[in-house]
Amino acid sequence: MASKRENFHLSGPLHLTAVNWKNDHDRRSVAASLVQGVYILERDRQEKRQGPQALARPWWEFFQFEMVRQLVDDVDSSIFGAIYEFKPPASPSSLSTCESPHYVIAFRGTIRKPHSVSQDLKLDLHLLQNGLHRTSRFEIAMQAVRNMVAANQDKNIWLSGHSLGSAMAMLAGKNMAKTGIFLEAFLFNPPFFSAPIERIKDKKVKQGIRIASSLITAGLAVAVKGTHQRNKFEDPFVYLSTWVPSLFVNPEDHICSEYIGYFEHREKMKDIGAGGIERLATQNSIHGLFMTAMGKESEPPLHLIPSAALTINSNRSPDFIGAHGIHQWWGPDSHFKFKLYRYN
């Protein structure tokens with residue numbers, strides 16, 4: 001039997017009868033709903049729900065989108081993503097759609113059901129080991145993004161994802177940004193794998209640990225890479241700073257909450273005159289530096305990003321499932337804190 005949260009008419013943002021594409025809440029709600037549509041597509045497949053029993057379609061049709069293509073994993077045949085096209089009816093009375101996307105490429109996260117959990121957890125493990133870029137699922141996703149951009153260069157394309165799916169969207173967005181193409185990205189509960197410093201209640205202890213970590217990381221970076229500073233045209237981290245993805249995190253979700261401290265600490269280091277140290281620390285990881293010192297190539301950790309539009313859900317969550325769930329991002333009564341962080 002389908003859960004209430006799978007049914008759009010019971011749990012979806014029914015209040016969005018007319019989307020204002022200039023409104024941050026509306027844009028966030030639509031992007032999250034399209035990701036939910038991917039989750040329900042896969043659940044429909046698993047439960048063999050077809051025709052009137054299928055529940056996925058309202059999650060995009062309510063906002064006047066059509067599904068162009070499903071993205072299917074080549075290992076377990078699960079649906080992990082979808083490409084949507086925005087097709088509003090021609091109407092002089094409709095709200096301006098100049099800010100709307102033409103296409104949205106959305107990716108779901110892990111589904112803990114027998115039909116997909118094995119492959120999803122393998123992807124989670126690859127992500128934890130900083131090897132998501134080497135998986136066939138990501139290769140399928142990346143090729144889909146490249147093809148859509150190549151075929152629609154003059155059109156607005158969004159990336160959207162939740163949890164594991166947000167990691168895929170982030171990596172795809174990073175890759176495109178390195179080529180000078182900056183796609184708008186909505187990343188819900190994006191994984192940040194590190195020591196859970198943000199969960200420490202004592203602010204002085206928390207700050208002391210972060211400062212010590214920055215000093216160690218920056219020192220190792222100088223020792224391993226030398227003191228030579230590349231100019232901004234050679235430094236990929238500086239070049240990547242032009243891309244500003246939208247991150248949506250919950251402080252009670254240990255999977256993504258470290259983004260809060262990651263960006264806040266950067267500003268605090270700058271305020272105390274240690275901005276140069278933090279610029280070195282923020283784009284390196286201790287593991288990556290050790291790999292470099294051993295002469296091994298290592299991809300920069302996915303979570304290290306220079307700029308972001310960070311939204312924090314300040315509502316209390318009843319449990320981890322609530323703090324990590326996609327459904328929290330379209331509620332009309334939610335309280336959010338927003339801050340823009342730009343790397344310089």
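**Exercise 1.** In what order do the eight strands of the open sheet stand, and what is their pairing?

*Solution.* The model is a predicted one. Step one: follow the sheet across, which gives the order E1-E2-E3-E4-E5-E6-E7-E8. Step two: look at the pairing, which is mixed. Step three: follow the twist, which averages 15 degrees from one strand to the next.

**Exercise 2.** Find which strands stand at the edges of the sheet, and explain why one side of each is left without a neighbour.

*Solution.* The edge positions belong to strand E1 (65–72) and strand E8 (336–341). Each has a single partner strand, so one of its sides has no neighbour in the sheet.

**Exercise 3.** Describe how E7 is joined to E8.

*Solution.* In general, strands of a sheet pair through backbone hydrogen bonds, in a parallel or an antiparallel way. Strand E7, residues 308–313, runs antiparallel to E8, and six bridges join the two. Within this pair, leucine 310 is opposite lysine 339 of E8.

**Exercise 4.** Determine which strands helix H2 and helix H5 lie across.

*Solution.* Take H2 (residues 24–47): it lies across E1, E2 (79–86), E3 (103–107), E4 (157–162), E5 (184–188), E6 (246–249) and E8. Its direction is at about 135 degrees to E2. Then take H5 (residues 136–151), which lies across E1, E2, E3 and E4. H5 runs at about 175 degrees to E3.

**Exercise 5.** State how many helices the chain has and what share of its residues is buried.

*Solution.* The chain has 12 helices, along with eight strands. Of its 344 residues, 50% count as buried.

Conventions
Residues numbered from 1 in each chain as written. Predicted model: local features only at pLDDT ≥ 70, side-chain atom pairs only at ≥ 80, totals over all residues. Heavy atoms only, no water. Helix = DSSP H or I, 4+ residues; strand = E, 2+ residues; numbered from the N terminus. Buried < 20%, exposed > 50% of the residue type's maximum accessible area, 1.4 Å probe, protein only. Pairing = 2+ DSSP bridges. Axes fitted to C-alpha atoms, helices over the stretch in contact; angles between N-to-C directions. Contact = heavy atoms within 4.5 Å.
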